[in-house]
Structure formats: structure tokens, C-alpha cells
Amino acid sequence: MKYLALLFLLSCAHSYHQAATDVSLNPGYKSGRTISAVGEQFVVLGFINNTDYVQEAYDDLAKQCEEGTVSPLTTRYYTSLSFLSWTNYIKLEGICVQ
Amino acid sequence: MKITFLILLALQGCAFVHRHQIQNVDGDILGPGARRFEFLLSEMGVELAEGAKWVSVLSTNRNTGQAANSVAEAVALFQMGPRTGNPVYRLDFTDKLTQELSKICGGGRVSSLTFLRETNKYPVVSGEIVKVSGYCLAGTK
């Protein structure tokens, strides 16, 4: 049982690197809807799989608000730590105001 | 002797700034209509390898010390990757960031928005913190 607990602690760890927001709030934000997009990059022993993950997340977010403005736009960057590998995530979240 | 050492260990703590970001600064923040805001989002970080090393150092039993060293090595293999501060086990502590920011000035202008990513480090555990501050300005210029 204690080994299972240890394995759980080892396998679910994340490192939180950064949070940032672009705020150019306008009074219409109350009528907006929350949208989000996630990009991920899997890395094994330093060998990188996908180098376009930030652009992919950006494109995905832009598609969800083609006719409007996204504000505030929050960016979160974190890494999930694993056995001899890790996954970098970029999560974009914003409020789409039409 | 060991108790004194443990007390000294518990009392030590350091703060580390990892990243700092500041956005546009409006001259109106010095005016009477400006209101400063600040809030913290935080989560407990745990460095298991450090804990295992302390067990190894403080243990009088040689087998326990060796087992703790093995745990530290396993942690290094299972928690590989770039790090900022100590690892956390929950990521949702910043989930409300967007909503909080959209509410903070009631739809008005925000200026000097500052993000600080910092760690308050103690033995084995730490506080992984995102600190947000800025000014709400009157009007929607």
C-alpha cells in the first residue's frame, strides 16, 4: 500500500512555470464566453516531439473567437514530470467578446 | 542535539522570484481614481527527493539511510523534466485567474498589471505562488 502511495506521489507531479495575462478589458466582457485551448509537447530524455505546440494552441483559440475579441487572455505554462520523460503544456484561456 | 537541529531546520525559509512581468503603466495610477489590488494564488510544493535525503542524514539506522537514498534516486527518475520551484500535485490553483481578472475592476481599465511567480521555500515543502497586482482606473478611456 505504501508503495502505491509513493508511486502516486511520483507520477502526478507537475512543475508550474508561469502565468501571464494580457488585459485590455472592455465593458462588454460580461456578455462574453470563456474559451480555452491547450498545446502539449512530449519530451523523452530531451528528444522533442512537437515544436509547434504553442502555435497550435494559439490557432485553436483564435478559431473559437473568429468574430470577436479575446480579453483577458491568460497564458499558463507548466510541465508534467514523468519517468525519463516529461510533457510541456501551454494553456490559453480567455473571454471571447462578440 | 537532534531536536535543536530539527528546530533550526524548521525555522529556515527562503523566498525565490522565478519570473516577473509587468504590463503597460498608465500615468493615471497616481490620480485619485486609482485603486490598487493584489491577490495570491498558491499551492503547496513538495520535494520528495529532499525529504528522502533528510531522512538519510538524520537516520541512525544504516538500512533506513540506504533505503532513503534509493527513494531519492527513484524520485529523480520518475520526476524528470524542467522545474520551476518544487513540484505540485494540483494544477487547478490558477484556474480562476481569468475570471478573477475579468471581475477585478468591474469592466473598467486595468493598469500596471504585474505577475510574480515565486517560491517560498522551506525544508522539503514550499509555497508555489502566483502573485497578481495592479491598479483599477476610473472610466473606460
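Me: What makes B:R19 count as partly exposed?

Reply: Its relative accessibility is 31%. The class lies between buried (under 20% relative accessible area) and exposed (over 50%), with a 1.4 Å probe and protein chains only, so B:R19 is partly exposed. This is a predicted model: local features need pLDDT of at least 70, side-chain atom pairs count only at pLDDT 80 or more, and totals for chains, interfaces and linings use all residues. Residues are numbered from 1 along each chain as its sequence is written, chains are lettered from A and ligands numbered from 1 in the order written, and side-chain values use heavy atoms, leaving out hydrogens and water.

Me: Where does B:R19 sit, and what does B:R19 touch?

Reply: B:R19 is in strand 1 of chain B (a DSSP run of E, at least two residues; helices are runs of H or I, at least four; both are numbered from the N terminus). Contact means heavy atoms within 4.5 Å. Beyond four places in sequence, B:R19 touches A:H17 and A:Q18 in chain A, plus B:T84, B:F115, B:L116 and B:R117. B:L116 is 97 residues away in sequence, yet 5.9 Å away C-alpha to C-alpha.

Me: Why is B:G33 called partly exposed?

Reply: Its relative accessible area is 43%, which puts B:G33 in the partly exposed class. B:G33 lies in the loop between strand 1 (14-22) and strand 2 (35-46) of chain B. Leaving aside neighbours within four places, its contacts are B:C136, B:L137 and B:A138. B:I7 is 26 residues from B:G33 in sequence but 48 Å away, C-alpha to C-alpha.

Me: How do you know that B:E118 has no salt bridge?

Reply: B:E118 is buried, and the nearest side chain of opposite charge, B:K131, is 4.7 Å away. A salt bridge needs a side-chain nitrogen of Lys or Arg within 4 Å of a carboxyl oxygen of Asp or Glu, so B:E118 has none. Lys and Arg count as positive, Asp and Glu as negative; His and chain ends are not counted. B:E118 lies in strand 3 (residues 109-121) of chain B. Its contacts beyond four places include B:F16, B:V17, B:H18 and B:K131.

Me: What makes strand 1 and strand 4 of chain A a pair?

Reply: They share 8 bridges, in the antiparallel sense. Pairing takes at least two DSSP bridges, so these strands qualify. A:A19 stands opposite A:R76 of strand 4. The open antiparallel sheet of chain A has 5 strands in the order 1-4-5-2-3. Strand 1 (14-22) and strand 3 (47-48) of chain A are its edges, each pairing on one side only.
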